[in-house]
Amino acid sequence: MTALTQVMVSTHKDRPQVLVLGERVAPGLVITPGVDGAGRYGGGWLLTHVATGHAVLGCATCLYCARRAAATLIGIDWTRAGADLAGDEQVRAAVQGEAARIVRDCNAWTCEIPDGC
Ligand SMILES: [Zn+2]
(Lines give C-alpha, C1' and ligand atoms only; values in the text may rest on other atoms or scores of the structure.)
Protein backbone atom coordinates (compact mmCIF):
# COMPACT_ATOMS: atom_id res chain seq x y z
CA MET A 1 0.00 0.00 0.00
CA THR A 2 1.33 3.40 -0.93
CA ALA A 3 1.78 6.09 1.69
CA LEU A 4 -0.14 8.47 -0.55
CA THR A 5 -3.86 9.04 -0.63
CA GLN A 6 -6.17 11.48 -2.38
CA VAL A 7 -7.69 14.11 -0.13
CA MET A 8 -9.84 17.21 -0.64
CA VAL A 9 -8.35 20.25 1.09
CA SER A 10 -9.84 23.59 1.98
CA THR A 11 -7.99 26.67 0.79
CA HIS A 12 -10.41 29.47 1.64
CA LYS A 13 -13.73 29.24 3.43
CA ASP A 14 -15.71 30.49 0.42
CA ARG A 15 -13.98 28.46 -2.28
CA PRO A 16 -14.39 24.83 -3.38
CA GLN A 17 -11.96 22.31 -1.94
CA VAL A 18 -9.00 21.16 -4.06
CA LEU A 19 -7.98 17.54 -4.67
CA VAL A 20 -4.34 16.78 -3.74
CA LEU A 21 -2.23 13.77 -2.86
CA GLY A 22 -1.57 13.49 0.86
CA GLU A 23 0.94 11.41 2.78
CA ARG A 24 -0.74 9.29 5.47
CA VAL A 25 0.35 10.07 9.03
CA ALA A 26 -2.40 8.32 10.98
CA PRO A 27 -5.98 7.34 10.15
CA GLY A 28 -7.72 10.63 9.38
CA LEU A 29 -4.55 12.76 9.30
CA VAL A 30 -2.31 13.42 6.28
CA ILE A 31 0.49 15.73 5.21
CA THR A 32 -0.61 17.72 2.16
CA PRO A 33 1.06 20.28 -0.06
CA GLY A 34 -0.08 23.82 0.52
CA VAL A 35 -2.22 24.93 -2.45
CA ASP A 36 -4.16 28.01 -3.40
CA GLY A 37 -7.78 28.06 -4.56
CA ALA A 38 -6.72 27.19 -8.12
CA GLY A 39 -4.76 24.15 -6.94
CA ARG A 40 -1.35 25.76 -7.51
CA TYR A 41 1.34 24.67 -5.06
CA GLY A 42 2.43 27.19 -2.48
CA GLY A 43 5.78 25.63 -1.58
CA GLY A 44 4.95 24.48 1.95
CA TRP A 45 3.30 21.52 3.64
CA LEU A 46 0.32 21.25 5.96
CA LEU A 47 -1.17 18.71 8.33
CA THR A 48 -4.72 18.10 7.13
CA HIS A 49 -7.72 16.52 8.85
CA VAL A 50 -9.09 14.24 6.14
CA ALA A 51 -12.79 14.41 7.08
CA THR A 52 -12.95 18.20 6.82
CA GLY A 53 -9.99 19.04 4.58
CA HIS A 54 -8.96 21.67 7.11
CA ALA A 55 -5.38 22.34 8.11
CA VAL A 56 -4.73 21.28 11.69
CA LEU A 57 -1.99 23.87 12.15
CA GLY A 58 -2.41 27.30 10.66
CA CYS A 59 0.84 27.64 8.77
CA ALA A 60 2.57 25.72 6.03
CA THR A 61 6.01 24.43 6.89
CA CYS A 62 8.85 22.46 5.30
CA LEU A 63 8.21 18.74 4.76
CA TYR A 64 10.72 17.78 7.43
CA CYS A 65 9.00 19.92 10.08
CA ALA A 66 5.55 18.77 8.93
CA ARG A 67 6.63 15.20 9.62
CA ARG A 68 8.13 16.18 13.00
CA ALA A 69 4.94 18.02 14.00
CA ALA A 70 2.79 15.12 12.81
CA ALA A 71 4.77 12.70 14.96
CA THR A 72 3.67 14.64 18.06
CA LEU A 73 0.00 14.17 17.10
CA ILE A 74 -0.05 10.43 16.40
CA GLY A 75 -1.94 9.44 19.56
CA ILE A 76 -5.06 11.45 18.69
CA ASP A 77 -8.03 9.78 16.97
CA TRP A 78 -8.16 11.89 13.80
CA THR A 79 -11.10 9.90 12.40
CA ARG A 80 -13.38 11.90 14.73
CA ALA A 81 -15.54 14.70 13.32
CA GLY A 82 -13.96 18.14 13.08
CA ALA A 83 -16.34 19.73 15.59
CA ASP A 84 -15.63 16.92 18.03
CA LEU A 85 -11.87 17.41 17.72
CA ALA A 86 -12.17 21.20 17.94
CA GLY A 87 -14.05 20.94 21.22
CA ASP A 88 -11.56 18.53 22.82
CA GLU A 89 -9.19 20.32 25.22
CA GLN A 90 -6.58 17.55 25.02
CA VAL A 91 -6.50 17.82 21.21
CA ARG A 92 -6.26 21.59 21.43
CA ALA A 93 -3.38 21.36 23.91
CA ALA A 94 -1.52 18.88 21.71
CA VAL A 95 -1.99 20.96 18.56
CA GLN A 96 -1.08 24.23 20.24
CA GLY A 97 1.87 22.70 22.10
CA GLU A 98 4.89 20.98 20.58
CA ALA A 99 3.37 20.69 17.09
CA ALA A 100 2.71 24.44 16.90
CA ARG A 101 6.19 25.21 18.26
CA ILE A 102 7.82 23.08 15.55
CA VAL A 103 5.86 24.82 12.81
CA ARG A 104 6.43 28.27 14.31
CA ASP A 105 10.19 27.68 14.52
CA CYS A 106 10.47 26.30 10.98
CA ASN A 107 12.38 28.27 8.44
CA ALA A 108 11.84 26.24 5.29
CA TRP A 109 14.93 27.69 3.67
CA THR A 110 17.33 26.98 6.50
CA CYS A 111 15.99 23.91 8.31
CA GLU A 112 18.75 21.40 8.78
CA ILE A 113 17.17 18.33 7.26
CA PRO A 114 19.13 15.17 8.14
CA ASP A 115 20.51 12.97 5.37
CA GLY A 116 18.00 10.41 4.19
CA CYS A 117 15.01 12.46 5.30
ZN1 LIG B 1 11.30 23.26 8.77
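How many bridges join strand 2 to strand 3? Three of them do, and the two strands run antiparallel.

1. Ground rules. You're looking at a predicted model, where local features need pLDDT of at least 70, side-chain atom pairs count only at pLDDT 80 or more, and totals for chains, interfaces and linings use all residues. Residue numbers start from 1 along each chain as its sequence is written.

2. The overall layout. There are three helices and five strands in the chain, and from the N terminus on they run β-β-β-β-β-α-α-α. The radius of gyration is 14 Å, close to the 13 Å that the globule rule gives for 117 residues, so the chain is as compact as a globular protein of that length. (That radius is taken over C-alpha atoms, and the rule is 2.2 Å times the number of residues to the power 0.38.) Helices (H or I, at least four residues) and strands (E, at least two) are DSSP runs, numbered from the N terminus. Along the principal axes, the C-alpha atoms fill a box of roughly 35 × 35 × 30 Å.

3. The five strands make an open sheet in the order 1-2-3-4-5, with antiparallel pairing. Strand 1 (4–9) and strand 5 (54–55) stand at the edges with a single partner strand each, so one side of each has no neighbour in the sheet. Two strands count as paired if DSSP finds at least two bridges between them. As a reminder, strands of a sheet pair through backbone hydrogen bonds, either parallel or antiparallel.

4. Walking across the strands. Strand 1 is joined to strand 2 by six bridges, and Met8 has Leu19 in strand 2 as its bridge partner. Going on to strand 3, Arg24 is partnered with Val30.

5. What's buried. A residue is buried if 20 or more other C-beta atoms lie within 10 Å of its own, exposed if 12 or fewer, and partly exposed in between, with C-beta atoms placed from the backbone. By that count, 28% of the 117 residues in the chain are buried. Six of the seven residues of strand 3 are buried, so strand 3 is largely enclosed by the rest of the structure.

6. The core. The largest nonpolar core has 25 residues, and those with the most contacts inside it are Leu29, Leu47, Ala69 and Ala70. (Such a core is a set of buried Ala, Val, Leu, Ile, Met, Phe, Trp, Tyr and Cys residues joined through C-beta atoms within 7 Å.) Strands 1, 2, 3 and 4, helix 1 and helix 3 (89–105) each supply at least two residues of this core.

7. The helix side. Helix 1 (residues 63–71) lies across strand 2 (18–26), strand 3 (29–35) and strand 4, at about 10° to strand 4. The axes of helix 1 and helix 3 come within 8 Å and cross at roughly 170°, which makes helix 1 roughly antiparallel to helix 3 (over 145 degrees, by the cut-off). Axes are lines fitted to C-alpha atoms, for helices over the stretch in contact, and angles run from 0 to 180 degrees between N-to-C directions. Cys65, Arg68 and Ala69 in helix 1 meet Ala99, Ile102 and Val103 in helix 3. Residues are in contact if their C-beta atoms, placed from the backbone, lie within 7 Å.

8. Val50 lies in the loop between strand 4 and strand 5, yet Val50 is buried, with 22 other C-beta atoms within 10 Å. Leaving aside neighbours within four places in sequence, Val50 is in contact with Val7, Gly28, Leu29 and Val30.

Key
Two residues are in contact if their C-beta atoms, placed from the backbone, lie within 7 Å. Angles under 35 degrees count as roughly parallel, over 145 as roughly antiparallel, 65 to 115 as roughly perpendicular and the rest as oblique.
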